Amino acid sequence: MSMNICGAPCCWGVDDVKNPYLPPWQKVLQEAGQAGYRAIELGPYGYLPIDARQVSQELEKNGLAIVAGTIFDDLASEDNLENVLKQVDDICTLITKLPPLPVHQGQHFPAPYLTVMDWGHEERDYAAGHSGRAPRLSDEAWAQMMEHIKCICKKAAGYGVRPVIHPHAGGYIEFADEIEAILRDIPYDLAGLCLDTGHLYYSGMDPATWLKKCSQRLDYVHFKDVDEKVYQEVLSMHIRFFEGCGRGAMCPIGKGTLDYPGIQKALEEIGYSGYITIEQERDPRNADTSLRDVKESVAYLKSVGYEI
């Protein structure tokens with residue numbers, strides 16, 4: 001088993017490109033390099049420019065590569081499919097022109113990946129973490145979303161990019177029954193899974209159990225930690241997912257409730273090899289503490305045996 005820890009712009013509060021408080025992307029890459037990362041995700045579509053030369057220069061300057069691009073959009077609506085497929089073209093065109101990361105022995109597919117996440121539904125956003133009250137798609141609407149995801153995955157594969165489906169709190173792929181449905185409806189030769197320890201916990205699942213349960217489909221992993229006190233407060237409120245993150249529901253790894261030695265044991269048991277990306281969603285107005293928090297997460301993971 002061989003793993004490396006990477007970063008993501010959401011640790012600097014970069015989740016919505018329309019947010020006026022986002023830090024410059026050059027600053028995020030600079031601080032990611034200062035944190036000791038070897039790679040970082042692109043972040044939401046439109047945050048980093050779709051310009052391979054410009055992005056390559058900044059990556060090289062900071063000793064970084066790109067581990068994944070991101071589709072984070074409404075995957076259910078037929079009206080949005082053309083928009084999403086354009087994003088796939090732009091992202092894959094960019095990331096396939098950048099220097100690749102090394103492939104670890106035992107790694108299922110080479111990076112960079114395309115993480116595929118459903119997002120943008122108010123009725124699910126307010127129900128994040130609440131499986132019992134979150135509305136589900138009808139069978140017909142679910143089947144339509146599966147066809148959209150298949151289109152996304154086939155387009156990414158045409159560029160040689162491995163798509164990985166990422167269950168995300170506040171979207172229509174979040175809870176255990178929906179992950180089971182993805183495993184049933186999306187064949188592994190088309191897409192793998194990116195499981196996120198923090199989203200699993202937030203949505204009522206034990207991370208170590210689900211990493212092992214999905215081991216044969218697990219191509220990529222996200223790490224985050226959850227402040228239990230804030231999490232419980234947020235669940236008691238009528239609040240959007242990222243509003244809860246802005247209140248501090250996510251914290252540096254090692255400061256929260258997740259059992260990272262236990263997660264490491266689970267990853268060892270399944271022989272996971274490849275890349276793991278740290279995330280800590282936050283309000284970008286607090287990004288002045290991002291480097292400090294990222295360094296704390298990295299230091300903690302190193303202290304319990306993870307490689308950077």
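Me: What radius of gyration does the protein chain have, and what would a compact globule with 308 residues have?

Reply: The model is predicted. A compact globule with 308 residues would have a radius of gyration near 19 Å, and the protein chain has 18 Å, which agrees. Along the principal axes, the C-alpha atoms fill a box of roughly 50 × 45 × 45 Å. Buried residues make up 59% of the 308 residues.

Me: How many helices and strands are there in the protein chain?

Reply: The protein chain has 12 helices and 10 strands.

Me: In what order do the strands of the open sheet stand, and is the pairing parallel or antiparallel?

Reply: Strands of a sheet pair through backbone hydrogen bonds, either parallel or antiparallel. Here, 8 strands form an open sheet in the order 1-10-7-6-5-4-3-2, and the pairing is parallel. Strand 1 (3-6) and strand 2 (39-41) each have a single partner strand, so one side of each has no neighbour in the sheet. From one strand to the next, the twist averages 25°. Strand 2 is joined to strand 3 (residues 65-73) by 3 bridges; Ile40 has Ile66 in strand 3 as its bridge partner.

Me: Which strands does helix 11 lie across?

Reply: Helix 11 (residues 260-270) lies across strand 1, strand 7 (218-223) and strand 10 (274-278). Relative to strand 7, helix 11 runs at about 170°.

Me: Is His166 buried or exposed?

Reply: A residue counts as buried if its relative accessible area is under 20%. His166 has 1% relative accessibility, so His166 counts as buried. Its place is in the loop between strand 5 (162-165) and helix 6 (176-185). Beyond its neighbours within four places in sequence, the contacts of His166 include Cys194, Asp196, His199 and His222.

Me: How many aromatic pairs does the structure hold?

Reply: A pair of aromatic rings is described by the distance of the centres and the angle of the planes. The structure holds 11 aromatic pairs. One of them is the tilted pair of Tyr201 and Tyr231, with 5.6 Å centre to centre and 50° between the planes. Tyr201 lies in helix 7 (residues 197-202) and Tyr231 in helix 9 (residues 228-235), so this pair ties together parts that are 30 residues apart in sequence. Tyr201 is partly exposed at 22% relative accessibility, whereas Tyr231 is buried at 7%.

Tyr202 and Phe241 form an edge-to-face pair, 5.1 Å centre to centre with 80° between the planes. Tyr202 is in helix 7 and Phe241 in helix 10 (residues 241-246), 39 residues apart.

Me: Which residues do ring pairs link into a cluster?

Reply: The cluster consists of Phe72, Trp119, Tyr201, Tyr202, Tyr231, Phe241 and Phe242.

Methods:
Residues are numbered from 1 along each chain as its sequence is written. This is a predicted model: local features need pLDDT of at least 70, side-chain atom pairs count only at pLDDT 80 or more; totals for chains, interfaces and linings use all residues. Side-chain values use heavy atoms; hydrogens and water are left out. Two strands pair if DSSP finds at least two bridges between them. Helices (H or I, at least four residues) and strands (E, at least two) are DSSP runs, numbered from the N terminus. Axes are lines fitted to C-alpha atoms, for helices over the stretch in contact, and angles run from 0 to 180 degrees between N-to-C directions. Contact means heavy atoms within 4.5 Å. Buried means under 20% relative accessible area, exposed over 50%, partly exposed in between (1.4 Å probe, protein chains only). The radius of gyration is taken over C-alpha atoms; the globule rule is 2.2 Å times the number of residues to the power 0.38. Rings of Phe, Tyr and Trp (its six-membered ring) pair if their centres lie within 6.5 Å; planes under 30 degrees apart count as stacked, over 60 as edge-to-face and the rest as tilted.
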